[in-house]
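Subject: Handover of a structure model with two ligands

Dear colleague,

Please find below the structure that I am handing over to you. My notes on what was found in it follow directly after.

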Amino acid sequence: MTGFPPDPGRAVSQDPDTPHDTDPAGGWGSLKGVARVAGETGVSAVAARILGSLNKPGGVMCSSCAWAKPAKPNTFEFCENGAKATLWELDRNRADAAFFARHSVTELRDWHDHDLEKSGRLTEPLRYDPGLDRYAPVSWDTAFAEIGRELRGMSPERAVFYASGHAGLEASYLYALFARAMGHQNLPQSSNMCHETTSVNLETFIGTPVGTCTLDDFETCDTIFFFGQNTGSNSPRFLHVLKAAVQRGCRIVTFNPVRERGLIEFADPQSPGQMTLGKPTRISEKYYQLRPGGDIAVIAGLMKCVLEAEDAAPGTVLDHAFIAAETTGFAETEKTVRATLWPEIERHSGLTEAMIREAAEIYLSADRAIGIYGMGMTQHVNGWLNLGMLCNLLLMRGNIGKPGAGISPVRGHSNVQGQRTVGIGEKSKHMPADKLRALFGIEPPSRDGLNAVHACEGILDGRVEALVSLGGNLVRALPDRVRMEAAWPNLRLTVHVATKLNRSHLVPGQVSYILPCLGRTDRDLQASGPQAVSMEDTFSHIYGSLGRAEPPSEDVRSELAIVAGMAKATLRENPRLDWDGWTANYDRVRDLIAQTFPDDFADFNTRLMQPGGFYRGNPARDRTWKTESGKAQFTAPTTLSALGEAPEGDDVMTLITLRSNDQFNTTIYGFSDRLRGLSGGREIVMINRRELVRLGLSEGQKVALETAIADGVTRRVEGFAVTPYDLPDGCIAGYYPELNPLVPLGYHEKNSQTPAYKGTPVRIVV
Ligand SMILES: Nc1nc2c(c(=O)[nH]1)N[C@H]1C(S)=C(S)[C@@H](COP(=O)(O)OP(=O)(O)OC[C@H]3O[C@@H](n4cnc5c(=O)[nH]c(N)nc54)[C@H](O)[C@@H]3O)O[C@H]1N2
Ligand SMILES: Nc1nc2c(c(=O)[nH]1)N[C@H]1C(S)=C(S)[C@@H](COP(=O)(O)OP(=O)(O)OC[C@H]3O[C@@H](n4cnc5c(=O)[nH]c(N)nc54)[C@H](O)[C@@H]3O)O[C@H]1N2
Ligand SMILES: [Mo]
C-alpha cells in the first residue's frame, strides 16, 4: 500500500495474504491496459482523434458507461475503460462474408467470448442457413422483407423487442413506436437486469424512477455514502469527481464486501505529480466489508444512531420540518428501527456495532449527504428494501431535494436511462397513449408487455415466437443460461442488430438474422447530411454525439435506419409513419420526441449540443413528490437481509457475480482484473482463506458450484479454480457472465424482477 497508515479494524489495509494490486486505481496500469487493446484492434489516426474528442461538446459521447460529460471537460475526458470501448468499436478487423464462410456456427460456439468479438466489426446483413450451419450474406431488401413477413404472420404479443441500453434516443424512440404500432409493448431492456429495481421502487418512495443528484451536487456535499458500486472499473471518470470532493474535505464512507481499489485510492493519470511522485488520493475514509445482502441491516444501524443522537439533543438532528411537511410513514419506520436489536444488525451485516457507530458519526457530521449505489444494492431479492432504507436514511435529515444532497444510482449503459425516457419499457405509461393517437393515429396496446424475466418465461413455454435485439447479448446476460439456451432455438424468428459477433447470435431461431449497425464513433451519413444521435446520462442530462470514423463497410446501416427498415416492412401503410423521412433527417425524430415528451425535451434540436448536456429536470429534486400520497415515503423494514430464502447449512455460500476491470458486460477485452490483483483465468471462485480451510479446499483446486435452491432444476458449473481473496465469511465471488447458469430465472428482486445476481445461494462441490 502506498502511503496511508492502516486503520483499526482493517478499515483501509488489505489482507496481505490474498492477491491485491498495490497500485492505486488510475495510474500507469490504466495506460497499459489501453495500449494492449490498441494493439489487438489496430489503432488508427482517426481513433486517436476520436479519443481526443470523447465526451466533449460536439464530440463523440463515450459508448461505455453513463457517467456525466462535464461542460468543462478535462484535457482527456475519457478513462481506461472508455478508451477500451472506443478502440474495441473502431476495430480494424472485419467479421465479413469470408469469415462466416470459413466458420460454422457450431464451431464458433466453442470460441471464447473474447475471440468472437475480436473477429472484428460485422460488415453485411447475414441470414442463418441451417443446412450449411453458417451465416451467409443477404441483401437488406431480402432481410427486411422476410423479417416483415414473419412479424406480420404472428400475433403481435408473441414478438419481443429487446434493447440493450446503448442505441441513441432517436433509434430507441422509433423502436418503441414500432412495437406499439405493431400492437405490443414487449420492450424488455438491459435495465431489467440492472437498475429496474431503481426505476420501480424509487418511483414508489420518492416519485421518480431516476436519481435526484446532478454533477454540481458533488461540489458541495459534505459526505458520500457508497453502497455496492465499483467506480474504479465501471465509471472511472467519477474518480476525478471523488478526488476533488475529498480534497475539499468531503468524507467518503464505503460499504462493499469486496475491497475495490478505486474506492480506496486513486492516482490521476492526467496529473504529472500523481503519476511520477506516487502520491495518490485516498478516496474512502472508511471502508466496511459488509456481507452481501447486509445493507438493510447496516442502514438500520445507522438510523438507530441518528435516532439516538436526536434523543440526546432533541430537535437538532432530525429534519423535523421536512419530515412533517414532505414525508409520510416516519412514525412506523422509527418504531421498527428502534425495536431492531444490534445483535441482529451485526449478524446480517457482518459488521460490528462499533463500526456502524463510527460510520454514523460521519453521517451526522454532514449537513449535506449523498447516497450512491450500484448493482450491489439492486441485484438482490430485497433490493426494494435496500433502496427504501437508503431513502429513509437520507430523508431523516432532509437529504433529498436540496443542493449537495440526494440519492444517486450510478447507471450502467451509456443510454440505458434515456431509452426508458423515450418509451422503451413494457408499460403504457412509458409512452403516452394520447400522443400516440394524436401524432400517429395509433391505438396503443392497453395491456402491459413483457419485461426480461417475463419474456424468458414466454420463451420457455413457447408463448414468445420472435426476439428482436437492438444490441446486447441477451443469452449471455440473462440468468439461468443453460435453460434459456436450450429454449432459444424454438423461437421462430431471431434478429440481432449488432456491431460485433457475440454468443447470442450463435443460438439462432428457425429464421435468424444478424444486421450490422454503425457504432457511435462511426460517421452516420443520411440524405440530409451527417447525423448526430443523443443520449441521457445518469444525472438526466442529454447530449448530442457526432461520429466521425469511416464505417466498417458501405453495407452497414445506422440503428435508426435498421429499425425504420424493419418497421416499414412490417406495418400496414400509415402516411403518418414516415420511416424514410425520419431516416433521412434525425432532427425530425427529435421533434417527435419533443412533441411526445414536451416536459423533458422542449427545444430538443436547439439544445442538442449544449456543453454539459441539457437537464430534463427531476420533480423529487424540487421536492415535488409524484408518489401515491404526494409525499416522500418512509419504509419500515420488514427484514434485515436483502437475500432471498435459502436453505440453512454451513456449506451454503452467498455468490456475488462481478465484473472484472477488463470487460464491458459480456464483452471481454482481456483477462486482467488489474485493480483486484487478479489475472489469467476468469473461471475462478474467490473465497477467503478461513473459509477455504473450513471447507477443506486448497488454492488452485478446480471445483464445481451448484445452486442451493430446491426448485427441481439442477444448476451446476464446473472447473472453477479456488482463489483466495479478501472477502467476508459465508460468501464467494466470481465473474459475470461465466457464472450466470447458477442464477435461477425466478430468483429476482420482488417488485421489478431484477435478477438477484449478487446474492445467489450456492454450494461448492468437489
Ligand atoms: N468498464 C466497465 N464499465 C461498466 C460496465 C462494465 O462491465 N465494464 N458495465 C456497465 C453497466 S451495464 C453497469 S450496470 C454498471 C455496473 O457497475 P456496478 O454497479 O459497479 O456493478 P458490479 O461491478 O456488478 O458490482 C457492484 C459492486 O457491488 C458490490 N456488492 C456485491 N454485493 C453487494 C452487497 O450486497 N452490498 C453492497 N454494498 N455491495 C455489494 C461488489 O463487490 C461490486 O463492487 O457499470 C457500467 N460500466
Ligand atoms: N451474473 C450477472 N449477470 C448480469 C449482470 C451481473 O452483474 N451479473 N449484470 C446485468 C446488467 S447490469 C446488464 S446491463 C446486462 C447487460 O446485458 P446486454 O446489454 O444485453 O449485454 P452487453 O454485454 O452490454 O452487450 C454487448 C453486445 O452489444 C453489441 N453492441 C455493442 N455496441 C453496439 C452498438 O453500438 N449498437 C448495437 N446495436 N449493438 C452494439 C455487441 O454486439 C456486443 O457483443 O447484463 C446483466 N447480467
Ligand atoms: Mo447494467
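Between which two strands does the loop that holds Ser540 lie? The loop runs between strand S20 (533-536) and strand S21 (541-545); helices and strands here are DSSP runs, with H or I over at least four residues for helices and E over at least two for strands, numbered from the N terminus. Although Ser540 is not a glycine, its phi is positive, at about 65°.

This is a predicted model, in which local features need pLDDT of at least 70 and side-chain atom pairs count only at pLDDT 80 or more, while totals for chains, interfaces and linings use all residues. Residues are numbered from 1 along each chain as its sequence is written, chains are lettered from A and ligands numbered from 1 in the order in which they are written, and side-chain values use heavy atoms, with hydrogens and water left out.

Ligand 1

The shell around ligand 1 holds 31 residues, and the closest are Asn256, Glu260, Gly293, Asp295 and Asn665; a residue is counted if one of its heavy atoms lies within 4 Å. By class, the shell divides into 12 nonpolar, 15 polar and four charged residues. In this division Ala, Val, Leu, Ile, Met, Phe, Trp, Tyr, Cys and Pro are nonpolar, Asp, Glu, Lys and Arg are charged, and the others, Gly among them, are polar.

Polar contacts are pairs of N or O atoms within 3.5 Å. An oxygen atom of ligand 1 lies 2.7 Å from a polar backbone atom of Asn230. A nitrogen atom of the ligand is 3.3 Å from a polar backbone atom of Gly228, and a nitrogen atom is 3.2 Å from an N or O atom in the side chain of Asn81. Of the 910 Å² of accessible area that ligand 1 has on its own, the protein covers 99% (Shrake-Rupley method, 1.4 Å probe).

Helix H11 (231-234), helix H19 (375-378), strand S24 (652-658) and strand S25 (663-664) each give two or more residues to this shell. Ligand 1 lies between domain 3 (196-412 + 628-633) and domain 4 (652-765), because both give residues to the shell; the domain bounds come from an automatic or database assignment.

Ligand 2

Around ligand 2 there are 31 residues, the closest being Tyr162, Glu559, Thr666, Tyr736 and Asn740. A polar side-chain atom of Asn740 lies 2.6 Å from a nitrogen atom of the ligand. An oxygen atom of ligand 2 is 3.1 Å from an N or O atom in the side chain of Arg659. The protein covers 96% of the 920 Å² of accessible area that ligand 2 has on its own.

This shell comprises 11 nonpolar, 15 polar and five charged residues. Domain 2 (95-190 + 428-517 + 558-573) and domain 4 (652-765) each supply at least three residues to it. Tyr736, one of the closest residues, is joined to Pro737 by a cis peptide bond with omega of about 5°. Pro737 sits in the loop between strand S32 (731-735) and strand S33 (760-765).

A six-stranded sheet

Six strands form an open sheet of mixed pairing in the order S5-S4-S17-S16-S15-S6, where two strands pair if DSSP finds at least two bridges between them. Strand S5 (134-137) and strand S6 (159-163) stand at the edges with a single partner strand each, so one side of each has no neighbour in the sheet. Strand S4 (residues 126-129) runs antiparallel to S5, joined by four bridges, and Tyr128 has Tyr135 as its bridge partner in S5.

Yours sincerely

Terms used. A polar contact is a pair of N or O atoms within 3.5 Å; within protein, one must be able to donate a hydrogen and the other to accept it, and residues adjacent in sequence count only if both atoms are side-chain atoms.
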